[in-house]
Amino acid sequence: MLKIQLLVAGVFASLHVMSQQPLPDLATRAQVTYYKGRTPEKQQTFSFEKNKASMLINQAEWNCKKYDNKAGNETVYTFELKKGSMDKAGLSIDFLFDHWDVKNYVIMPAAAYDGNRFDVLEYGYPPLFKSKDYNKNLPVTITNIPRLNKYEGKSRMDFNTGDLATPAVGVYFPKTGKGIWILTEQATELGNSALIFKENEARNKATFTIAAPCVREEYYSMANLSPSNETGKDLKEGDKVTIRYKVYTYSNLSSPNDLNKKFPAIRKSYGTSAYINQLPFSKAFELMEKQENEWWSRKDSLYTLGGETLNMKWQLGWVGGLMVTLPLSEAGGDSSADRAYKNYYKILTQSQSPSGFFYGCGNGKIWCSDCFGSPHPDNLHLLRKNADALYFTYKYVSSQRNRNPGWQLPEAWSAPLHRQADAFVKLWKENYQFGQFVEIETGEIKVGGSNSAVTAIAGLALASKYESNPQYLQVAKEAARYYYRNFIVKGISCGGPGEILQNNDAESAFATLESFVVLYEVTGEKEWLQYAEDAAAFCTTWMVTYDYRFPEKSLFGRLDMKTTGAIWANTQNKHGGPGICTASGDCLFKLYRATGNKLYLQMIYDIAHNIMQYIARADRPIKDQHIGWINERVNLSDWEGKEAIGDIFHGNTWAQVSAMLTVAEIPGIYINPARNELMVFDHVTATVKGNTLTITNSTRFDASIRVFVDRKMTSVYPQGFISRCPIVNVKAGETKILALSEIQ
């Protein structure tokens with residue numbers, strides 16, 4: 001029988017939780033700690049009587065009060081130093097798990113999935129598999145990050161609350177079918193807290209700790225763990241520290257997926273979110289389109305990444321490549337649309353390898369399998385780039401045909417596109433996975449075991465519809481079932497970026513969600529809708545659920561940046577990003593229309609509204625960024641040093657592509673008259689009363705707002721539909737009133 005203890009000085013006390021069958025022996029242990037450096041030198045546990053306790057430690061007198069708010073499902077511990085003083089001290093709450101099992105699934109949003117209990121390669125940045133690591137059936141293999149140990153040795157994860165998208169831990173106990181989520185705040189009076197999960201040497205006991213202040217045994221920086229220089233705080237008489245948490249328990253679970261599906265309903269238990277209107281979608285796109293056109297290479301017919309090296313000149317997928325051409329063609333001016341067409345023509349006719357896959361990097365004349373600074377050895381290629389390219393190319397050609405029924409696929413494109421889709425079919429039939437890295441010339445999988453290239457499902461589904469090829473759809477369905485069972489159900493998603501080995505990441509998670517939504521829209525089959533909803537729940541664990549409190553003097557503190565809706569990168573690169581790499585997230589909007597579940601509408605609102613504030617502009621410069629640039633860093637974590645919290649590096653990134661896709665694929669205002677629902681994604685306010693729509697633009701920029709009046713929620717709208725929705729122009733500071741019947 002599973003026994004989970006949350007010990008209070010040896011006296012078990014019931015903890016109020018939301019559950020049909022609470023986990024047994026649930027209680028807490030409250031402690032005071034003296035630190036010598038980062039190491040606890042002396043600890044003493046409070047003994048409670050009627051939720052009150054006091055203690056004398058090193059001539060300091062402490063009181064502690066425990067309050068259970070049954071209505072709010074919250075437990076609050078208030079510690080007060082009544083007399084004396086303490087140097088290098090801290091307070092903590094321990095949750096003790098008895099009869100622990102290494103098969104238990106542990107999740108800490110954006111920081112640990114399945115406890116990060118995977119194989120490890122201690123490679124420096126940027127980590128890349130070496131020939132000795134190649135394995136088509138490689139077990140999930142990660143870099144040197146905080147983790148529970150798959151093998152013998154220390155098994156411990158130390159995190160700052162800023163290391164997580166939501167300060168929380170979840171555990172699924174397969175032996176009993178039970179699960180638990182524990183959520184807490186970002187900070188106490190002593191600043192950010194530490195969240196520590198550790199196992200004993202025998203692996204039959206585990207402890208989860210909320211500690212204030214944040215004192216970690218080891219500090220994480222890029223793919224490296226080193227001793228922390230943190231210690232306790234000097235406290236004086238009258239100082240108070242409050243630790244809050246909420247516990248939710250569940251029964252009748254059958255997989256990590258079942259535990260993760262509980263998270264969306266509780267994920268915003270703590271923290272607040274403010275939504276500020278400052279940059280309308282249309283003005284944001286104007287700034288970004290201008291910048292993209294500055295990086296257009298006329299002689300190479302490419303939208304470049306701004307540099308001259310192979311990977312900084314152009315990349316096929318992942319960071320932009322053939323993806324940026326879609327919003328430029330759908331929401332940009334005529335010159336942008338013409339350049340997008342030329343960009344596609346160049347790539348599809350000149351950069352295909354013998355395997356049928358396209359090369360990953362190039363400069364318009366020279367192409368290579370892939371590179372990060374210099375070309376990868378052994379023609380190694382991150383297949384996710386081809387998966388992105390397949391999907392976005394068929395989105396592009398579908399949009400062109402929907403816009404103009406007479407549009408014809410250029411003859412020179414047809415054979416290359418078929419060869420690329422056929423290469424994915426061949427890969428699947430030979431391996432029953434797409435793999436992560438392939439040899440670009442032969443298409444042979446060198447490293448497998450990841451869902452990195454899962455976007456191929458969406459690409460094949462669209463290709464099957466456009467080309468009327470049932471084989472493409474059959475492979476897409478088979479692959480969808482495989483990736484659902486082996487990743488979403490198991491509560492992992494890994495290897496999306498090209499420089500993280502197979503750490504868990506948000507990119508592959510959202511790509512999995514997008515693929516399931518596309519498959520549902522192509523087929524109308526409910527199986528894929530269920531898969532999509534499960535994937536969406538998993539994706540919430542990667543979303544920042546509150547507005548992080550940045551240091552006041554930091555860049556983001558001075559700019560009053562709001563972080564709700566930022567998307568975490570991965571468990572190695574411990575930063576949030578302004579959006580999804582690299583997508584708009586319109587799959588969530590489509591999922592809302594298919595299900596009517598407003599959760600998905602709120603999720604995409606958080607993402608779409610959040611991203612525009614990160615665009616540098618003349619009236620709101622962001623460090624040394626050029627106008628129209630968006631940096632990828634939303635640094636809540638100190639993984640690049642404490643001074644880097646709320647700071648960025650100089651450079652434009654994939655986040656600009658995500659923002660442009662947002663404008664092209666998310667309506668500024670969404671109205672569903674039948675459901676009496678209104679959602680304003682753009683940076684304006686609006687109300688609907690009867691047949692009257694009132695829009696107020698309080699920003700300093702004129703706004704051209706795309707309005708989608710959804711009168712057929714059950715119908716699937718075609719690619720490019722949002723960019724062709726009616727536009728309502730509202731000047732800066734203006735309020736406009738119009739009838740819904742005027743919006744056609």
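Student: Which residue lies over the face of phenylalanine 392, and at what distance from the ring centre?
Tutor: In this predicted model, a charge counts as sitting over a ring if, among other conditions, NZ of Lys or CZ of Arg is within 6 Å of the ring centre. The residue over the face of phenylalanine 392 is lysine 395, and its distance from the ring centre is 4.7 Å.

Student: Which ring has arginine 401 over its face?
Tutor: Here the distance from the ring centre is 3.9 Å. The ring that arginine 401 lies over belongs to tyrosine 466.

Student: Are the planes of phenylalanine 97 and phenylalanine 173 stacked, edge-to-face or tilted?
Tutor: The structure holds 57 aromatic pairs. In the pair of phenylalanine 97 and phenylalanine 173 the ring centres are 6.3 Å apart. Planes under 30 degrees apart would count as stacked and those over 60 as edge-to-face; because the planes of these two rings stand at 35°, the pair is tilted.

Student: How many residues apart in sequence are the parts that this pair ties together?
Tutor: Phenylalanine 97 belongs to strand β7 (residues 86-98), whereas phenylalanine 173 belongs to strand β13 (residues 168-173). Phenylalanine 97 is buried at 2% relative accessibility, and phenylalanine 173 is buried with a relative accessible area of 2%.

Conventions:
Residues numbered from 1 in each chain as written. Predicted model: local features only at pLDDT ≥ 70, side-chain atom pairs only at ≥ 80, totals over all residues. Heavy atoms only, no water. Phe/Tyr/Trp six-rings, centres within 6.5 Å; stacked < 30°, edge-to-face > 60°. Helix = DSSP H or I, 4+ residues; strand = E, 2+ residues; numbered from the N terminus. Buried < 20%, exposed > 50% of the residue type's maximum accessible area, 1.4 Å probe, protein only. Lys NZ or Arg CZ within 6 Å of the ring centre and 35° of its normal.
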